[in-house]
Structure formats: structure tokens, C-alpha cells
Amino acid sequence: MSGMHGGGGRGSGGGEGSGPRVRPGRISGGDVAAQRAANAEAPRIPNLFKRITELFAGHRAALTVTIVLVLVSAALSVVPPLLTQRAFDEGLFPPGGTPNLPRLATLVGLMIVVYLGSALLGVWQTWLTATVGNKVMGALRVRLFTHLQAMELSFFTKTKTGVIQSRLQNDVGGVASVLTNTISSVLGNTVTVIAAFVAMLLLDWQLTIVAVILMPVLVIAQRRVGQVRARIATKTQESLSDMTAITQETLSVSGILLSKSFTRQNTEIGRYSDENANQIRLQVSQQMSGQWFFAMVSIFLSSIPAIVYLVAGALASNGTTGITAGTIVAFTTVQARLLFPLLGLMRVALDLQTSSALFARIFEYLDLKPAISDKPGALAVPATGGDATGRVEFDHVTFAYPDAGTESRPTLDDVSFAIEPGEFAAFVGPSGAGKTTVSYLIPRFYEVSGGRVLFSGVDVSDLAQESLVSHIGIVSQETYLFHASIAENLRYAKPDATDAELESATRAANIYETIDSFPERFDTVVGERGYRLSGGEKQRIAIARVLLKDPEVLILDEATSALDAISERIVQAALDTASRGRTTIAIAHRLSTVVGADVIFVVEAGRVVEHGTHTELLAREGAYARLYSEQVRVPQPVPQPAD
């Protein structure tokens, strides 16, 4: 075993806000200008339309039927007004003056059939779009989640968790609405507008001119009021986001502990109350602006037919047209059905742009290439029993974190050492020296910049990642437990573990008696991140979980540094049991936990500057001896002044 000297400094795993900046999904109720800005920030993806259509390739038959249903439903929507004209002119008020009941009954029956047919087609269309949209969304969500699982550790250190969650929830969640709210509405509104316009021309071209002239007035009014509502809606969403953030910060377990420990509950209540008052004000403003909008719509919807009646009366009195009562009723009905599809078509460009931006953000993540992946023909870790089984070796390894500056020193610089099978090796040194980085490179969480890391005699870059990691167990300083039972947390390492195996692992980890004292024993739910357990109890459950995995190499990354002295002794005893018969690599801050190690490597500024046993290193009076003396030094009594 040898340590190679070289200069180096600690790199960084990436800041919270580093990495690609992305916007989360569609803006709900937001300003149109804000939506356009969000769309403009979407990445540019080559062949985007082709890739979108490929997502729906397995649903061609359902999509074809959906398009046909949309077209037929839109066309049928203008048939009842035309039948209404016939009902008035041929049934209620025929030329003879006496109602023609048989003819009226026939026309009414046809209208009912059309209404019934439209309703059934609408139900069928909704089922198809919901089914196809959600299937595509579900498949895309799993595909993206699977892809993210393959990404290297540095991706997650550079990207905010909220951004990743937004891609999975907001962007992918909006896929289903693209089919129902964008494609269907664009097709339906287009056909409805065309059919309604043609029907109006067939009924009376002069009234059509009057209606078309008046329509832009309502459209402009709608846009003005809509802009006001959008701005209020944006502020409302921002206020809701602030309230959600306050809730998450203050009502989480950590937040509650913090506010109680500093007696700041009243401050947090005040923050929440202020934002709640702001939310109430915005909600009232939004509803009132909506009420004014609908009042304007109601006025215009009522005014346009009234004006049509006036013009029709003028034309009829002059004898310049043969307008009938049926024509007027049918015309105003068709005209009313034209308004909202027309308003919808005004947003076609924005809707299509928003949908494209949504897919672009999804494909941006899917196009990310994992920095670490298996080579073609990657090997499995050699079978247990060989001379090199469990041997870990660094061969002139140099490493710098991916986002480290070109001028900064590497985190590890020309490091070489070998840990033989079954040895207990410890890495000690000041914070930032590169100790934890060593533990990241062994399971190949990062790729080395130079040199080789060998596991059981094979370069880790030649090994299949799944095979490599399956032979390594890791216990870190910050234990992560799911909000689930103790048994479920333990079986995360071995899903088919028997109750007897759980008991054996927990006994070895010195936690069985504690678990047995709980009323629900192994079925006890540990709470969010294991908050129902003490730090020492969580660590011992983590150790038991690793023991169930039964790895050949065990990595302990400052596993006891956050514990009190009593808990440390209990956990350390469990770690001593866990390390027996396997190669163990301990990253330690407290030297007292590794004095019995077979070999101790002292790391400073990315270099292994010393290695040997505890006794050997103390005798050299070097870096290790200085670290040890600093930790065990007893404060001297303060001299007292003489009498």
C-alpha cells in the first residue's frame, strides 16, 4: 500500500442553482405575456413535431376516430339552428297560418336526435382523448423517471430538486391536456366557426354582415378584460406559491422544531396571516373582474341579437328581403354559437406554442446523456472466492468535479493505494481534503479524471454498474429513511428478506431490542425521514439495512459524526460487527473511531500524505499525530494570580 504525493484542492459537487435553468410547465391562469416569455425560454429541439407524433404512434386508430368525432360534433352543432328555422317557418308559422303539427313533430324529433347524437359523440370523444392523453402521459412520465434514475450523481447536485419535480409533474402532467385542450379545441373551434359562418350566409347574407361587423367589438372587449384577469391571476398564483412555501417551511418537522426552539410561532402565524389576507384580496379582485367580464359578455350577447332584430325589421319593412321569423331565430342561435369558438381560435398560436414548449422541456431531459454508463460488454464483478475479491485499489487517480473551474486544483491528485480483502481501512484528514470523494469513486458515482479505480482486480469502468454497486454497502452520515414501516425500510435492501433475516440483521446492528419495545415492532412507521427515531436508532437501522444486503465492501462515510457519545458507542459496536469478514472503508472525522483500523490513510489537499496503523502514525509525529493531539488535548488549568 502506498500513497502518492501531489497538490490538489477540493472541488464542488455543484451548487443548488447551477445547471440548466428551466421553467416549470404551463402557467396556470397566468398573463399571456408571461406565458409567451416562458415559451420563449423553452429549449430548441430538432424534429420536435416528428418526435411528438411518435409519442402518439401507438394510438393512431383512437386518434383518427377522435378527429372524426371532433369534426362531426362541430358540424352537427349548427344543424339544430337550421332545423329551428324549418320548425318556425314550416311547423309553427307555415304559409297557411295554421301550425303543421306533423311537420313540427318531425323537425322536433330530428332536433332531439341531433342533440342526443352530439351528446353521445361528445362522451365518446372525451373518453378517447382522456384515455389516449393519460396513457401517453403515463408512459412518458415513467420513461422520464427511468431516464433520470440513470443520470449521474453530479446531475442532481447541479439541478434543483424542484426543477426536476416540475418536469415530472407539471410538464409531463400537461401532456394529457394537450390532446383534450389544444388539438381537440383547435379542430373543433375551426370547424364550428366555418360551419356557423356558412350557415349564417345560407340563412341571410345581409344579417351576416351586421353580425360580423359587431363581433370584433366583443372580441376586443374580451381581450381587454382578459388581460386584466390574467394579471390578477398571475399575482394570485404567486401569492398561492408564497403561502405554499410558508406552509412547507413552517409545518415540516424541521420547521416546527426551529420555530418552537426559537419561540417564533407568532412570527410565522403573522407571515401566514399577511399572505392569506393578500390572497383574499386577490381572490375577490379576480372574481369581480370575472363578474365584470361576464356582465359585458351578457350585454353583448343580448345586444347583438337585438340589433339583428332591428336590422331584420328594417329590411322586412322595406320589402328588400324575405326574412322570416324562423330565419331570425335560427340566425341569432347560430351567431351565439360562433362567439366562443372564435375567441378560442384567437389563442391558437399561443396554445400551439405552449404545447410545443411543454414537449421541448420534456425532450430536453430525455436527450440528456448520462455521463456514466456501462461499456458494451461490461463485465460482472468476479465471483466471490477469488484472491482479489473485495480488493479496492486506486492507481494514480486524479479527479476534479465536473463543474470545477479549470484553474482550480483537482480534488484528488495522483492518489494511489490498495486495500486488501477483509481489511479495515480508514481515511482521515481535515474537512475538504477529499476523503468523501474517495468513497464516491469506488462505486463509480463519478468518473475519474485520470488513473484507474479497481474493484476486485477489475477497472470499475469495465464493470457493469449494477453488478459493481450490488457488491458495495454504504452507510452515510445522513441516514435516509422512507415514511414507511421499519420492515419496509429494511427490505429496501432485500425485498424478499424473511422475518428471521430482519431479526438477525437488527440484532447484529444492536437495534432489535429497541424495535421489539415498540407496540407495532417491525410495523412501526418511522415518520418523515425517520423523525420518530433518534439519530442513533436511525443509524442502526441503516446498518441493519446494509447487513441485509451483505456486501463484500462496506463504506462508512462519517457514520457516527453527528451522534452523541453514548449513541456513538452503540452505533460503533454495530459497525464493528458489520465490518467483520468484509473489506471496510471508513471516512472518519473522530479519530477515536478508527484507532483499531488495519491501515489509516491521511488525506490532505487531495493527496495521501501518510498511511499506516494508529501506532505507526503516532510514532512518525506527522500529520496524523497532529490531528490526534488536537482531538485528545486536555485543556490546561488557567493560572491563578498570586495572593
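Trainee: Hi! What should I know before we start?
Mentor: The model is predicted, so local features need pLDDT of at least 70, side-chain atom pairs count only at pLDDT 80 or more, and totals for chains, interfaces and linings use all residues. Residues are numbered from 1 along each chain as its sequence is written, and side-chain values use heavy atoms, with hydrogens and water left out.

Trainee: Okay, which strands form the six-strand open sheet, and in what order?
Mentor: The order is β6-β7-β8-β3-β9-β10, with mixed pairing. Strands (E, at least two residues) and helices (H or I, at least four) are DSSP runs numbered from the N terminus, and two strands pair if DSSP finds at least two bridges between them.

Trainee: Which strands stand at the edges?
Mentor: β6 and β10 do; each has a single partner strand, so one side of each lacks a neighbour in the sheet. From one strand to the next, the twist averages 15°. Angles run from 0 to 180 degrees between N-to-C directions, and axes are lines fitted to C-alpha atoms, for helices over the stretch in contact.

Trainee: Which helices pack on that sheet?
Mentor: α19 touches β6 and β7, and its direction makes about 180° with that of β6. Helix α22 (residues 623-632) touches β3, β9 and β10, at about 90° to the direction of β9. Contact here means heavy atoms within 4.5 Å.

Trainee: And how do β9 and β10 pair?
Mentor: β9 (residues 599-604) and β10 (residues 607-612) are antiparallel, over five bridges. Val603 is opposite Val608 in β10. The two strands make a hairpin with two residues between them, and Ala605 in the turn has a positive phi of about 50°.

Trainee: How about β7 and β8, parallel or antiparallel?
Mentor: Parallel, over five bridges. Leu556 has Ala586 in β8 as its bridge partner.

Trainee: What is the order in the four-strand sheet?
Mentor: That open sheet runs β2-β1-β4-β5, and its pairing is antiparallel. β1 (residues 392-399) and β4 (residues 450-455) are joined by five bridges, and Asp395 has Arg452 in β4 as its bridge partner.

Trainee: Switching topic: how do α4 and α5 pack?
Mentor: Their axes are 9 Å apart, at an angle of about 170°. The two helices are therefore roughly antiparallel (angles over 145 degrees count as that, under 35 as roughly parallel, 65 to 115 as roughly perpendicular and the rest as oblique). Residues in the contact include Leu83 and Ala87 of α4 and Leu107 and Met111 of α5.

Trainee: Last one: what is the volume of the largest pocket?
Mentor: About 2,000 Å³. Among its 42 lining residues, the closest to the centre are Leu153, Phe445, Ile474, Tyr480 and Tyr492. A pocket is an open set of points on a 1 Å grid over the protein atoms alone where a 1.4 Å probe fits, with protein on both sides within 12 Å along at least five of seven lines; lining residues have an atom within 4 Å of a point. Points are joined across faces, edges and corners, and the volume is the space filled by probe spheres set on them.
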